Amino acid sequence: MSETNATQEKASSTKFSRFFTPFVQWFDSDYCPEGASRVRNEPDKVDWTRVMPFVALHLGCLGAIWVGVSPVALISAVALYFIRMFAVTGVHHRYFSHKTYSTSRVGQFLMALFAGTTVQRGSLWWAYHHRHHHQHSDGPEDAHSPHVHGFWWSHIGWITSRRNFPTDYSKIKDLAKFKELVWLNRFDLVVPAVFAASIYLSGVLMERYAPGLGTNGLQMLVWAFFISTTALFHGTACINSMAHLMGRRRYKTDDDSRNSFILALITLGEGWHNNHHRYQSSTRNGFYWWEIDITYYLLKMLSWTGFIWGLKAVPQSILDEGARADHRESVEAARKSVAAQQEHGPSPLKHVIPAAAAIAVATVNAANTQLPKKPEDAAMHKDMTELAHELQAKQTPPAPGSEAQN
Ligand SMILES: [Zn+2]
Ligand SMILES: [Zn+2]
């Protein structure tokens, strides 16, 4: 065989292998004849074949046009969104990614099975990418920063990129030592397939034994699997995209993570993302009682059963740092309102009401936060008092005759 023929044959076999590789990877995530580390170092490029199951998940939602809807299908879709959001936040994130609490080996396997129903690939793939995000947050190497790659890439594009498919087991050695977890991660289609089949079967059984519910296998599959799972993906993805764009920055972290009440509601607590970037090791992301964190409440209740234990608290120093930041922000807001009032005049209600509201919020914050005793706090309290007095002086009725000038 001539050298040219051998080279041509090698090239065509490489082409052949490259064509079929994504199909094999649908079933075996770790199959990577070119070498996972080589693929990880490639530039970003959407792998359209590999991503077909993900596209199919979205297209499956259109099935609602043909299968219609029933109360039981709708309730199942909503319930499975929130139940599985807990799996994303409580298991993929707060256990596998950050190990914020402990459980037994059997317990962690059961949790990985539960998290598999979220159809967000394996827990190890999830944890590897998430730890990488914390290491490079909003830097050039961050796979899903809206500031580096733009909103859509951070929300959905990065997950379709060829280089982001392989799991780097060398970066998650604490998890990769468990063979059963690696198996679930490698064959990450197994749990979603069994889950989807169970939902379909539940619809078939309801049609047969409870026809009054008005549902069937296909309708349940469309609503409780396709629609619920697609919504779950986008709810989760909001933390990668929106939580680095929308909301308040209590802690001046190196990234642009933010706290958002709305995101915290739809993701069961993950919306307190700035808190989390400041301190990743605690089980709770809502650091204060008014920061609703359903995932934490559920994990706390689970700990009472003995299934999990060793939930990690937020250190007092981090809470103090946050209280000081909140206080400074309140004082600054009140100062701005007073300045605006001085600029526009005291009488129009549109200026007085926001100023009074800012003072009220500042006062409530000051009362609610147990500020650590630091010398600077004395100055802050003094600022608050001065501002309140200043505003009160502005709100006193103007002298007769001055009204005509306004
Ligand atoms: Zn983040
Ligand atoms: Zn995290």
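## Overview

The chain folds into 19 helices and 2 strands, both taken as DSSP runs (H or I over at least four residues for helices, E over at least two for strands) and numbered from the N terminus. This is a predicted model, in which local features need pLDDT of at least 70, side-chain atom pairs count only at pLDDT 80 or more, and totals for chains, interfaces and linings use all residues. Residues are numbered from 1 along each chain as its sequence is written, while chains are lettered from A and ligands numbered from 1 in the order in which they are written.

Of the 406 residues, 33% count as buried. Here buried stands for 20 or more other C-beta atoms within 10 Å of a residue's own, exposed for 12 or fewer, and partly exposed for anything in between, with C-beta atoms placed from the backbone. Among contacts between residues at least 6 apart in sequence, 68% join residues at least 24 apart; a contact is a pair of residues whose C-beta atoms, placed from the backbone, lie within 7 Å.

## Confidence

Mean pLDDT for the chain is 86, and 81% of its residues reach 70 or more. This score is the predictor's confidence in each residue, from 0 to 100.

Two stretches stay under 50. Residues 369-391 have 24 contacts beyond four places in sequence, and residues 396-406 have 3 such contacts. Where pLDDT is low, the predicted coordinates should not be read in detail.

## Nonpolar cores

Let's look inside. The largest nonpolar core has 21 residues, and Val91, Phe96, Leu124, Ala127 and Leu175 touch the most other members. Such a core is a set of buried Ala, Val, Leu, Ile, Met, Phe, Trp, Tyr and Cys residues joined through C-beta atoms within 7 Å. At least two residues each come from helix 5 (71-97), helix 6 (105-116), helix 7 (123-135), helix 11 (179-186) and helix 13 (217-241). Helix 5 gives the largest share, 6 residues.

Apart from this core lies another, of 16 residues, including Ala73, Phe195, Ile199 and Phe225.

## Helix 7 against helix 11

Helix 7 and helix 11 pack at about 90°, with axes 7 Å apart. The axes are lines fitted to C-alpha atoms over the stretch in contact, and angles run from 0 to 180 degrees between N-to-C directions. The two helices are therefore roughly perpendicular, a label for 65 to 115 degrees; under 35 is roughly parallel, over 145 roughly antiparallel and the rest oblique.

Helix 7 contributes Ser123, Leu124 and Trp125 to the contact, and helix 11 contributes Leu181, Val182 and Asn185. These residues divide into 4 nonpolar, 2 polar and no charged. Nonpolar covers Ala, Val, Leu, Ile, Met, Phe, Trp, Tyr, Cys and Pro, charged covers Asp, Glu, Lys and Arg, and the others, Gly among them, are polar.

## Loop residues to look at

Arg121, in the loop between helix 6 and helix 7, has a positive phi near 60° although it is not glycine. Arg121 is buried, with 21 other C-beta atoms within 10 Å. Asp138, in the loop between helix 7 and helix 8 (146-149), also has a phi near 60°, but Asp138 is partly exposed, with 19 other C-beta atoms within 10 Å.

Thr215 sits in the loop between helix 12 (190-209) and helix 13 and is buried, with 26 C-beta neighbours inside 10 Å. Its C-alpha atom is 6.9 Å from that of Ala73, 142 residues away along the chain. Beyond four places in sequence, Thr215 is in contact with Ser70, Val72, Ala73, Gly203, Met206, Glu207 and Met220.
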